[in-house]
Structure formats: C-alpha cells, structure tokens
Amino acid sequence: MKPYISVVVKPTLFCNTDCSHCYHTPEERVPGNMSLDTVENLMRMVSEEYDAAWFIWHGGEPLTLPMSFYKGVIELEQKYFGKNSFRYGNTIQTNGLLLNRRLMAYCREKAINIGVSYEGPYNSILRQGDVEKSLNALSAKENKYSVGATICAETASKQAELYRYFRDKGTNLSLSPVIPAGCARCNGTVPDPDEFIKGSIEAFDEWLHDSESKIPLIPHYLYILNYLGDPTPSDCAHTSCLTKWLCVNPDGSLYPCAKACPQEFYMGNINSIGSISEAFQSEGFRRILLGSVKRREKCASCPIYRYCNGGCSMDAYHEGCLEDNGGDSCRIFREVFGHIATEIQSILDEKPDMSRYNPFVRDAILGKLVNPSSVMQ
Ligand SMILES: C[S@@+](CC[C@H](N)C(=O)[O-])C[C@H]1O[C@@H](n2cnc3c(N)ncnc32)[C@H](O)[C@@H]1O
Ligand code: SF4
Ligand code: SF4
C-alpha cells in the first residue's frame, strides 16, 4: 500500500455563475453530473492502493449537485475505507452561492471541510452573485469554512487588507494568483508578478508580527513549515505533486492536475482501468512527467530548488511551456519564499522574544528550537 493521495473530484463542470478569470471556459462548464457508479469505482481503487486519501470536491460548482449525491459519497467512503476510520477526508471547494444551514450542519456532522472561493470586499471584481447573502445566513456555529481568495490584477496590492478583513472574522485564508489559463488567458485578470509579490510580502509581514492572529495565512505558513523541514502535501506546487495528486472529471476521465489540464495529459478513465497505478503508467502521465523532469533539470542550479522542487507543472504549461522555468510562478515563489526564509532564518539565529510573533510561527519555531536536529543547516 502507498501512504497517501489527494484526489480532486469534479462531480460536474457545470457552474451556476461565470467568473471572469475561470480556467474552465463557458464552453467547458456544461451540465452533466458524475454518477455514483463512477464514485464507487474511484473509492474502490483508491482504497485498494492507498492507506489514506483526501477527496476535494471541486468543479464546476460542486454544490449544484444535490445533498443526496454527497450522502451517497460518504456511504461509499465508509464502505471502502471503513466507517469512522481515519483513512479518508473530504473538502468541498465552492463558490458559496448555494451554501445553507442544512448543508453546513451535514458537513459538520460528517467532518467535511468547506472552502469558499471569496475575496471579501473585492468579490465582485471576478465573481457574480450575492455570496454574502448565503454566508450571512449561517449562524456563528455554522460559520466554519476557510476562504480561498484568488488574487487578480486589481487586488494584487490589497492582500494585506484581505488578511486583516478575514483575520477579524477568524476565517482561515489562502491567497493565490490568477494564472493565465482558460478565460484568464487574455482578459487582463492575471496580476502583474511584481505587484503580486509586493502584496504577498506585505500580507506576510503583517501576519508574522500579528501576535493576536488566530489564522494560519496560506501559502505563507506552508512555506515556513517547508523551510523548517516539514513540507506538507497541501502545498502541491512545491512538493513534487506528480503521483501524489489525481483529478477526476464527471465522466471518470483522469488527469494529473485540476488546473484545466489539457487532453494531452489524459490518464485514462476510472471506469475502464483496473487500478490507480495503471493511470500513472499511461502515455498522458508519462508526457507530463518527462516535461517536468526536463524543467527540473533546468532548475538544478537554483539555490531554493530543495524547497521548490521545480514548481507547478500546470503553471509552467499555462505560462508558456511545461519544460521551462522562469515564468511568473517561478519568480513569485523565488521572491516570496526568499523573503520568508530570510525572516525565519533571522529568528532562528537571533532567538528574539517570540511573543512578538503570531502563534503559528511561534509554535513552528519553538518546535524546531526544541528539536534542533531538524532545523535547517
Ligand atoms: C475552478 S473553481 C471550482 C470550484 C468552485 N466553483 C469554486 O469557485 O470554488 C476552484 C478555484 O479555482 C480558482 N480559479 C479558477 N480559475 C483560475 C485561474 N485562472 N487562476 C487561478 N485560480 C483560478 C477559483 O477562483 C476557485 O477558487
Ligand atoms: S471559478 Fe468556480 S465559481 Fe467561478 S466560474 Fe469557475 S467553476 Fe464557477
Ligand atoms: S524557483 Fe524557479 S528556478 Fe527555482 S526551483 Fe523553483 S521553478 Fe526552478
């Protein structure tokens, strides 16, 4: 058995809204739902090969499927992984428009994480619809979701403000840039990399020195763990994701990544293959692997290669070429990670009063100082 896999499941490509930056074009966002037979094949094969799996329900908009679909999913997970086992977990990644109290109560009962794509006061720049109406209808108890804010040209300089906005609500926040894929290829939504870098570092600096903060800012917190020697699989772009992530489309077709992965990387269909390893032996997977290896060879002299691992293959693909580094995502990581690494190293060297720092950084650093064998040399 292999230890762990993350599976992005797109139960539909259909969406109830039309974001200007979406990497799925309106032509791709067509009606059509995944069947529970397809889910069953997926659960069976994943459970046969992996000790544990995390399923991320994505799309299109996953909440356009009825709750009965997710009840069916949980039954299949219990059947194949074992009821109350710690072998599986779920996140629903949603635009939030269809969230309601009943669904939140069900998710709480079944320990399903909810991630809402939402940019707070700047939501209407990329998105349509009144998500605040559904979010405000949730009680404080139900209000347990994390937010993924997708940063565009107009919000690149607002990242620290977004941090403060969600910190004040106690809502976990991740910040990621629009990539030039699908609708965002040429409509001006992709942020200028320098502005994104500046905004990302401003948000980090504010979070780092916020001793009262109750939220882990992502990806910055993951970069700290990576620097301290504990890279986490959720930072898929910088932890060699190939073979550790899988994306399933509504018809069961398999791809190595959820970011609008093209046909050339098709890995077969869950309804016709015999095992997950068979998908990783497909021609499509070989193609993305070989291209990624060529890109990583060009990264060999990069001083932060051990933390970056060559970055995200689909970002490189959408930025121009799978085999090339040096695009916006490479520059952004180099600058943002470089800044974070410098700050953390100076804390490790100078051992300042840690009460000036936020509790996540405090705990991560103190853990390393107590266990110095794992502190970076
Ligand atoms: C494709 S959507 C699918 C799930 C759901 N409809 C939602 O919006 O959360 C998942 C995430 O991808 C992000 N996304 C879409 N297009 C993107 C792009 N071109 N660059 C970066 N992120 C993008 C969205 O903002 C959203 O947070
Ligand atoms: S980002 Fe999500 S909500 Fe927006 S159009 Fe794409 S699939 Fe729909
Ligand atoms: S920062 Fe750029 S050059 Fe360095 S390892 Fe990452 S992708 Fe390669």
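## Ground rules

Since this is a predicted model, local features need pLDDT of at least 70 and side-chain atom pairs count only at pLDDT 80 or more, while totals for chains, interfaces and linings use all residues. Residues are numbered from 1 along each chain as its sequence is written, and chains are lettered from A and ligands numbered from 1 in the order in which they are written.

## The sheet

Let's start with the strands. Helices (H or I, at least four residues) and strands (E, at least two) are DSSP runs, numbered from the N terminus. Two strands pair if DSSP finds at least two bridges between them. On that basis, 9 strands form an open sheet with mixed pairing, and the order reads β7-β6-β5-β4-β3-β2-β1-β8-β9. The edges belong to β7 (217-218) and β9 (254-255); each has a single partner strand, so one side of each is left without a neighbour in the sheet.

Now zoom in on β5. Strand β6 (residues 173-177) pairs with β5 in the parallel sense over 5 bridges. V147 sits opposite L173 in β6, and A149 has L175 of β6 as its bridge partner. Strand β4 (residues 112-117) also runs parallel to β5, and 3 bridges join the two. Here S117 stands opposite G148 in β5. As a reminder, side chains in a regular strand alternate between the two faces of the sheet.

## Helices against α13

For the geometry, axes are lines fitted to C-alpha atoms, for helices over the stretch in contact, and angles run from 0 to 180 degrees between N-to-C directions. Angles under 35 degrees count as roughly parallel, over 145 as roughly antiparallel, 65 to 115 as roughly perpendicular and the rest as oblique. A crossing is left-handed if the near helix is turned anticlockwise from the far one by less than a right angle, and right-handed if clockwise. Contact between two residues takes C-beta atoms, placed from the backbone, within 7 Å. For residue classes, Ala, Val, Leu, Ile, Met, Phe, Trp, Tyr, Cys and Pro count as nonpolar, Asp, Glu, Lys and Arg as charged, and the others, Gly among them, as polar.

Helix α7 (residues 193-208) packs on α13 at an angle of about 25°, with the axes 10 Å apart. That makes α7 roughly parallel to α13, and their crossing is right-handed. On the α7 side the contact uses P193, F196, I197, S200, I201, F204 and L208, which meet D328, R331, I332, E335, V336, H339, I340 and E343 in α13. The residues in this contact divide into 9 nonpolar, 2 polar and 4 charged.

Helix α8 (residues 220-227) and α13 have axes 10 Å apart at an angle of about 60°. The two are therefore oblique to each other, and α8 passes α13 in a right-handed crossing. H220, Y223, I224 and Y227 in α8 meet F337, I340, A341 and I344 in α13. By class, that contact has 7 nonpolar, 1 polar and no charged residues.

## Ligand shells

A residue counts as near a ligand if its C-beta atom, placed from the backbone, lies within 6 Å of it. Ligand 1 has 19 residues around it, with Y23, S117, T150, I179 and A184 coming nearest. β3 (88-94) and β5 (146-151) each supply at least two residues of this shell, which has 7 nonpolar, 11 polar and 1 charged residues. S117 turns up again around ligand 2, alongside C15, T17, D18, C19, C22, H24, G59, G60, E61 and N95. The ligand 2 shell divides into 3 nonpolar, 6 polar and 2 charged residues.

Ligand 3 is surrounded by C299, C302, I304, Y305, C308, G310, G311, N325, C330, F333 and R334.

Most residues other than glycine have a negative phi, and most peptide bonds are trans. The peptide bond from G59 to G60 is cis, with omega near 25°, and G60 lies in the loop between β2 (50-57) and α2 (67-81). I218 and P219 are also joined by a cis peptide bond, with omega about 10°; P219 is in the loop between β7 and α8. Finally, A111 has a positive phi near 55°, in the loop between α3 (101-109) and β4.
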